[in-house]
Structure formats: structure tokens, C-alpha cells
Amino acid sequence: MINSEWFVVARQASGMSQSAVAKTTGISSARLSRIENGLLIPAVHEIDAIAAALGVRRELFSDSSTIRGPGTSVVHHRALRRARRRDVERVHARMALFDLQLRRLLRHVEPEHDGELIPDLSIATFDDDGAEIAREARSILRLPPGPVKTPSRVIERSGGIVVEARFLTDAVSAIYRLTPELPPMFFINYVHPGDRTRFSLAHELGHAVMHRHIGADDDRVEQQADAFAGEFLVPRDWLVDRVRSAVTVSLLCDLKQETGFSIAMLARQTANAGLISPRRFQNIMIELSKRGWRTREPIDVPRETPELFRGMVGSLRHDLGYQQAEIEHVLLRDDRARQDDEFLVAISDDDGPRLRLV
């Protein structure tokens with residue numbers, strides 16, 4: 001049985017057009033169009049040629065799973081609205097493929113969490129105050145006072161899965177995706193610096209906490225998620241106690257060195273905490289612009305490496321004795337696919353902690 005939708009998803013995920021696939025496989029565009037629309041059943045050699053061109057295994061096209069797109073799952077993302085249409089399609093297609101990969105992995109290994117689950121809090125109950133919800137979420141998750149330097153660990157301990165991904169577009173920082181019957185998923189852009197990805201991840205966590213039943217991203221929702229992220233990562237009370245002198249760019253650099261968060265984000269948090277006036281905040285941002293720090297700040301912060309998905313793959317390898325080719329089979333990936341075009345970064349020998357087998 002052939003599931004024609006996977007031909008579309010796999011092609012969009014690869015970034016190839018129908019004409020490019022036609023040129024690579026020798027199958028006409030007209031025939032490919034009919035295959036993708038379920039009007040024509042491809043021959044075995046055509047399936048093999050398409051799979052090879054798209055970097056997937058032929059078994060993908062016979063999978064009967066329901067494909068969850070943006071309309072059938074809750075998806076929130078930073079800046080995806082500014083991305084090109086083809087890039088948006090590619091990101092959503094790659095996430096649909098990951099849904100299937102995760103389902104197949106969960107047949108063999110089961111992630112465990114050692115903390116409270118990510119809370120589901122109504123933003124309306126907190127008067128649309130993202131910072132107040134962040135304080136409540138920190139309490140529910142039993143976080144100690146002070147900055148949260150490893151947000152991916154918090155999410156993974158609380159039932160979520162964080163995945164490093166190559167979006168192949170700089171417009172996307174992170175994505176939160178909630179699909180029925182799967183754990184909450186958080187995708188972070190592998191190429192972005194560590195200070196940016198920490199804030200982006202906390203921003204998406206804000207969506208998971210506050211906007212789980214809201215599928216649309218508008219300016220108000222994004223502002224709420226920004227307020228959540230700032231307070232979740234750098235609590236106001238900690239800042240008030242920590243900052244004992246005038247807030248200068250030099251002080252903010254010291255705070256970045258200490259916490260791993262961006263200078264711009266720390267400046268905004270000091271303003272939110274009432275430690276500087278709105279005018280002083282604007283002057284600091286102008287100074288950062290003059291120094292060229294709005295696009296690339298000094299003090300490189302290492303990226304936080306998520307562990308849970310790596311651990312799931314590692315359990316196949318070490319606990320069940322799977323060889324790399326067998327892991328590729330579980331994930332429906334073609335082991336000949338180019339390394340620099342892979343969506344997932346975590347398929348490597350650098351495995352995370354072992355997990356419980358199903």
C-alpha cells in the first residue's frame with residue numbers, strides 16, 4: 001500500500017522541486033505530479049529512484065501514519081512568519097518526518113522524566129502577564145532561585161524532547177510542536193549561538209505553558225512568550241539582588257559571562273525589573289547598535305546540547321545492539337544522504353544517557 005502524501009512531504013523536506021526530482025530520477029514531472037496526488041501507483045524502480053533522490057528509505061512511502069501538518073498540531077515558532085514560503089514548507093515537512101521517526105523510536109525506548117510535567121496554565125488567569133506565569137511555572141517545576149542556564153535540561157526533565165536541527169534558514173530560531181500522542185517537541189536552530197538559542201528555547205517553552213491550545217502566532221502572543229522567557233531565565237528578584245551598581249554595557253557583559261544570556265536580553269530584563277528607565281534602556285540598545293553587537297555580540301556562549309533524543313538513539317545502539325544501518329532503518333533515513341543536509345543533528349556516536357526499553 002502506497003501513501004502518496006509521503007512523496008510530497010519527503011520532497012518538501014528535501015527542498016527539491018518536482019522538476020528537480022524529475023531531472024534526478026528520469027521520471028517526468030507530469031508522472032511525479034500524479035504520483036504525489038495519489039492518481040498513479042509508481043513502479044518499484046520509480047519508488048527506489050525517488051527515495052534515493054530525496055535521501056529517505058523506500059519504506060517511508062508505504063507508512064500508513066496520519067501526517068500531522070500545522071493544521072493538525074499546535075505549532076509555535078520564532079520568526080517563521082518572515083521566512084520564505086518554500087522554507088516554511090520545508091520546516092513543516094521535516095517536522096512531519098520527525099513525528100514519524102519519534103513514533104518509531106518510541107516502540108523500542110521510552111524516555112523518562114524525573115520532575116513535574118510542563119504545566120498547562122491559562123494566560124487569561126494571569127491577566128495576560130507572561131512574567132507572572134513564568135514565576136508560577138518555575139514554582140511548579142521546583143526550580144532553585146537564580147538564572148536557568150540549561151533550559152533544555154529543564155524541558156527534558158519535564159516530559160519534553162529538545163532536538164537540534166538544521167533549518168537551512170536563519171529566519172527560524174526555534175519551534176514548539178505539540179502533536180497528539182507524542183511528547184511536546186522543541187526544535188532549536190543548530191547554527192545559532194548559545195545565548196540566542198537559550199532565549200528562543202525559553203520563548204517556545206512559554207508557548208507550551210501559556211498557549212498550548214492556541215495555534216496562532218500574533219504580536220500579543222509573541223510578546224507574552226518574550227516576557228515569559230525573560231523572567232523564566234533571569235528572575236526579577238535575582239537581578240535586583242545581583243545588580244548593586246549602575247547598569248552599563250560593561251556590567252551587562254559581566255552578567256552575560258556569568259549567566260550565558262545575551263547582553264540585549266539582560267538589558268531588557270534590567271528594564272523590566274525597574275533597575276533602569278526606558279530611556280536608559282534605549283540608550284544601551286543604541287550603544288549596542290553602534291558597536292555592531294545587535295547582530296553578533298561578544299563573548300561566545302557554547303550551545304547547550306540536548307541529551308534525551310541522543311539517549312533514545314544511543315539506547316538502540318548500546319542496549320539493543322543496533323548497527324548504524326539498522327538505526328537508519330528505524331528512522332527511515334537513507335544512510336547515503338548528505339551529512340550537511342540532514343535535519344537532525346543527533347544521529348551520531350555522541351550519545352546521551354541510556355533510557356528505559358519498552
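This is a predicted model: local features need pLDDT of at least 70, side-chain atom pairs count only at pLDDT 80 or more; totals for chains, interfaces and linings use all residues.
Let's start with Tyr176: its bridge partner in strand β5 is Phe186. Residues are numbered from 1 along each chain as its sequence is written, and side-chain values use heavy atoms, with hydrogens and water left out.

Helices (H or I, at least four residues) and strands (E, at least two) are DSSP runs, numbered from the N terminus. Two strands pair if DSSP finds at least two bridges between them. So how do β4 and β5 pair? Strand β4, residues 174–178, and strand β5, residues 185–189, are antiparallel, with four bridges. Together they make a hairpin with six residues between the strands, and in the turn Glu181 has a positive phi of about 70°.

On the β3 side, strand β3 (residues 161–165) runs parallel to β5, and five bridges join the two. There, Val162 stands opposite Phe186.

Now, how covered are these strands? Buried means under 20% relative accessible area, exposed over 50%, and partly exposed in between, with a 1.4 Å probe and protein chains only. In β4, four of its five residues are buried; in β5, five of its five residues are. In a regular strand the side chains alternate between the two faces of the sheet. In β5, Met185, Phe187 and Asn189 point one way, while Phe186 and Ile188 point the other way.

Let's follow Phe187 to the aromatic pairs. Rings of Phe, Tyr and Trp (its six-membered ring) pair if their centres lie within 6.5 Å; planes under 30 degrees apart count as stacked, over 60 as edge-to-face, and the rest as tilted. That gives five aromatic pairs. One of them is Phe98 with Phe187, edge-to-face, at 5.3 Å centre to centre and 80° between the planes. This pair links distant parts of the chain: Phe98 is in helix α5 (residues 85–106), Phe187 is in β5, and they are 89 residues apart. Both Phe98 and Phe187 are buried. Another pair, Phe228 and Phe232, is stacked, at 5.3 Å centre to centre with 15° between the planes. Those two lie in helix α9, four residues apart, about one turn of the helix, and both are buried.

A charge sits over a ring if NZ of Lys or CZ of Arg is within 6 Å of the ring centre and within 35 degrees of the ring normal. Arg303 lies over the face of Tyr190, 4.4 Å from the ring centre, and the charged end of Arg291 sits over the ring of Trp293, 4.8 Å from its centre.

Last stop, helix α12, residues 263–272: which residues are buried there? They are Ile263, Met265, Leu266, Ala267, Gln269 and Thr270. Just after α12, Gly274 takes a positive phi of about 80°. Thanks, everyone!
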